[in-house]
Amino acid sequence: MTTSSEVSSDFNESTDADGNWHEAWSPVLSALTNFSPEQISLCQQDLQRRYRENGLAFGSGIWRHAGQRPWQLDLMPQIMGVDDWQVLENGLQQRARLKAALLKDLYGKQRVLHEAIVPAQAVYAHQGFVEAAVGIPVFDSMPLYSSDVSRSPSGAWYVADDVCQAPHGLGYALENRLILSGTLGGLYRNLRIRRVADYFKHLRALLFNQVDSNARCVILGYGASHKYHFEQAYLSKYLGYTLVQLNDLTVRGKYVWLKTVDGLQQVDVIFRFVQDDDLDPLVGTGNNTQGVPGLLHSAREGGVVVVNPFGVSAVENPAFNVWMPQLCSFLLGEELQLLGTPTYWLGDDDQCNMLESRFKELLVRNINTQSELQDPALLSKKDFDALMASIKEQPQQYIAQERLCRSMAPSIVDNKLETRQLTMRIYLMDDADSYRAMPGGLGLLDNQMGGARTKIGDMVSSKDVWVASDSSVPYETLMPKNRSAAAFKIVDGELPSSVAESLFWLGRYAERVESTARVLDGVCLHLRADERFQDEVSSRHSLAALLKSTTEVTGTRPGFFGAGAANTLAEPDEELLRLLSDPEKAGSIPHTLESLSYSAATVRDRLSPDVLRVISSLEEHHNSFLTLSQQSTTLDGGQLNNTIAKLNDLLISLAAFSGLAIENMTQGDGWRFLQIGKRIERTSQTNDILSTVFSEYYDNSFALEDLLGVLCSDMTYRSRYRTLIDPALVLNLLVIDESNPRSLGFQLKNLESAIQLLPGRRKADYSEPALRSAAEGLARIRLLDPVELMEHTDGVGDTLNQFFGALHKLPDDIADALTAQYFTHTDPPNMLCSGFNLPIDPAVAR
Amino acid sequence: MKLQIRHETRYEYAGTVSHSVNQLCIVPRDTSYQQCLNNALQVEPAPEKIFTWQDNFGNTLAHFSIEESHDQCVVESVSLVETRDESMPELPRHVTFDESRQLLALQFEDNDLLARMCLLPSQHVTRLDGSQTLVNELLEECDSAACFAEQLMTRIFDEFDYDPGFSTVVTTGQKAWDAKRGVCQDFAHVALAILREAGIPARYVSGYLETLPPPGQKKLQGSDASHAWFSIYCPEQGWFDFDPTNNKRPDQQYVTTAWGRDYADVAPLKGVVYGGGSQAITVSVDVNRVDGALYVASGQKQA
């Protein structure tokens, strides 16, 4: 681990030059330094538990894939004294007003260019400047502004970066506050710390005030695979807006519409977390083909409000730092309060020549990269020469910055008090004549030396920022009153098609994991129950029936079928272990759990905290299954017991998921899609298992007994029939009995009634394909006479095969019909281009 | 001279298109040497509305979306443009490179700002590998930007083969430069890259060119094409056009549709269609000289 001695700065956030604590810091420092190691440790565990429960992670929503790691939150907050904050807040308010004025000018009269306050090429060289947006009034406002600030060794705050497109990190800042104020509850309440909840109330008002009341506002993100997805989902839940992705939206005429299961619904305000470049393929700067074609047109015609507007990244251009004092006096008539990092624009020949000898002392940045500073001193000769060559070729695209050390903040690392370099991201929003700052922010800690900065995703840890107040702070819960309403239900009326589809798959995957776990559990129990091995042939056959069912349920043919089946059936351990622990094998438990997690991540803004907690716990199950194959290559003795225990734990979590889905979700359209997914999957799995067992082993009572166990109906069977295993009675219980939640009849009956309640189903008859298929299956089941069937003295297997064969395709038919009607609202997009056909990005053309 | 331009683009799809969103840049603009007297834009199937506006370059753009199912789409633009008959302005050959640069550094009018934009690389115009020798040669031969541009036009005309089979819309300037072949658009992009490398502000111009049939023959319908060339900026003098495809300074037989940094700013038609599968595109352009004949808005000639 890097220790604090590797980087140092003259300025320490918490102490003065003599090492005495600043007044604002002393209550927190004295409290935390008085904690015993055990107390610190307890607090750390509490933090860890809280952020794990919230599923807090940075990166994509899939565990095994690169990039995701748990969010790190420092137990020590950053403390901002009253005066210190005042200076920073005033400076940032002015900076926000200045950037807003600059934006208005660049997309309007361009006085700063005509009067040569800023060289035009410094503006044009930045890809964020959209020529197509110049002269169109809707693109010149900047409702939201965020800024990364650091403190120089002199103690003065300076701006390191302007973040103008979307307030990335705002959700993390909010979450950090909720978690830390919970862990340090007593301390937090006793100190006069300003609350941040108020900011979010104003944010909601700001978004709604963009248009008339009754506006539909959506949060536009990239989807579950994106690194910021967590916070977008979190904010959408907190603010109560639907979270949508680019392909959920479509432009018709001058308006933007959301594709929902109930048809198209107009969108008035888009709070976007998508970069300028990706918004509209008709306006892109490059060959980017994602986006909502016509979005810019709609905004231009006043059909939709995009916050922040398209083109705003032009003012993120770090080259403006060179002329901020002049711009401030020109545009605002004021003296600049807060300086940026001393910056040089290399597009200026004189500037560039003057700096040539100093390059290694400076940091260099291409203005078209986000906060990526290159340190020429650390570059190899080859890379340095390449950098110099690109600067020579396109000097307008480069700036050089002085190295500024940032202040050090105390940080608790492994029970010890250390120091870390600090950057704070502060969030502001438009508020009448000025800007309102959130009294707090996202503290980012790093160990980078030499003044270079880390990207938000690469930092060591984060910090909550506590702003002291000199008056009493009104007690205010951070949870808005509407949280319970917003967080625990599916928002009816605007269920995006893509969300409905994810909920549907969430239901299917949850059921798929469950049936996989149950059938594997059945196999393990069979392997362990050696007392039945008195009748070896029957026992071997009943094991074969289970193993083949396993292959069917996991969709992993050949598996225990086909040419090699004799060997695999005799030595099943290797195949079983792969199904239990190989994440690369499609259909294995870890693999299906990942699919489940991915679907859950896509709709996490629509799941209650309890459900999310269960989903988070699945990650631990996932990891524990991964370890199985490392422990042993065979399934016997301890390994077998160990596996059964893991499977049982997993089944309990899955039961919790199903239970919460029943008890804790509003039974609207979203819930219905989840349930339909579950029923379709269970129909399919149950039918596969029944068909496997009955086709060959209907007269093997061990196999039927195992079957009852796997389908959780053994108790019912015994209590109801009090008899030996009779195939006709087993069929009755597992196929026909509509009161048994594991029977095929139960699945289809529920499917039929759920489908009838889906939106847009106005017809009273059975002409629609999904409903028709469900009714057909139900009719076949109801008309089955198991006793008569079992009396066919020969060919019982064939008759059963026919029966299950007829049901086999039904679940897929229903799924296809629902997909066509509710999930795919559009055909795949293609780029048209003046006589040439360019394929569009296949990832978007789903 | 009055020229009537009919520009038809026909998209035929293998399957059904459920929805399409399109942006056009095919309406001729007004300039100091031409005036667009009228324009009629027709789309079939008819969209609910065709939105038009002017971008910051002063080009006329149009947007429409088709929400009904269709398997073909025809966009027809008919314009009547009057081009100035005066003689071509003299090229400012007396203004040296240094003088041009110093002048531009002190000027901040709209055109001067556009010139600064047109000095930078753009989406289709980036520095060419292997162009240094030509740039140096031309700088050696010429004293002025005007001379440089004129020589460059001739060099491209002489050294490049016109080859419609070679180009697609994604042909890069580099590829055309390496193969020494392409179409008007490629020649313009190659020229722009070399001019900007030499520090001469240069923009891309799209438009039409009236072609005349060989003597004694009747002109074929749809035989014309949309055209592209380049234009350089001389401070205080203005923009001067050059057509490297025909080694000619555009005169009254040329109609300017739009200008920008490169093709990307002025693509005649771009859009996204949903469904449809493969596309077949037919473009037909007619540029006809008219004298005193009457025109109605649809562009049909009155006998």
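Trainee: Which parts of chain A do the buried residues of α22(A) pack against?

Mentor: Look for contacts, meaning C-beta atoms, placed from the backbone, within 7 Å. Here the buried residues of α22(A) pack against α15, α18 (573–581), α20 (609–626), α21 (628–631) and α23 (669–697) of chain A. This is a predicted model, where local features need pLDDT of at least 70, side-chain atom pairs count only at pLDDT 80 or more, and totals for chains, interfaces and linings use all residues. Residues are numbered from 1 along each chain as its sequence is written, while chains are lettered from A and ligands numbered from 1 in the order in which they are written.

Trainee: Which residues of α22(A) are buried?

Mentor: Count neighbours: buried takes 20 or more other C-beta atoms within 10 Å of a residue's own, again placed from the backbone (12 or fewer is exposed, in between is partly exposed). In α22(A) the buried ones are T643(A), K646(A), L647(A), L650(A), S653(A), L654(A), F657(A) and A661(A). Over chain A, buried residues make up 50% of the 846 residues.

Trainee: How many helices and strands does chain A have?

Mentor: They're DSSP runs, numbered from the N terminus: helices are H or I with at least four residues, strands E with at least two. Chain A has 31 helices and 23 strands.

Trainee: Which residues of α15(A) and α16(A) meet?

Mentor: From α15(A), they include S515(A), V519(A) and H526(A), and from α16(A), L543(A), T550(A) and V553(A) are among them. Sorted by class, this contact has seven nonpolar, seven polar and no charged residues. Nonpolar covers Ala, Val, Leu, Ile, Met, Phe, Trp, Tyr, Cys and Pro; charged is Asp, Glu, Lys and Arg; the others, Gly among them, are polar.

Trainee: How many residues do chain A and chain B bring to their contact?

Mentor: Each chain has its own side to tally: 39 residues come from chain A and 39 from chain B. β22(A) gives the most to the side of chain A that touches chain B, with five residues. By class, that side has 18 nonpolar, 15 polar and six charged residues.

Trainee: Is A188(B) buried or exposed?

Mentor: A188(B) is buried, with 32 other C-beta atoms within 10 Å. You'll find A188(B) in helix α6 (residues 184–197) of chain B.

Definitions and conventions
Contact = placed C-beta atoms within 7 Å.
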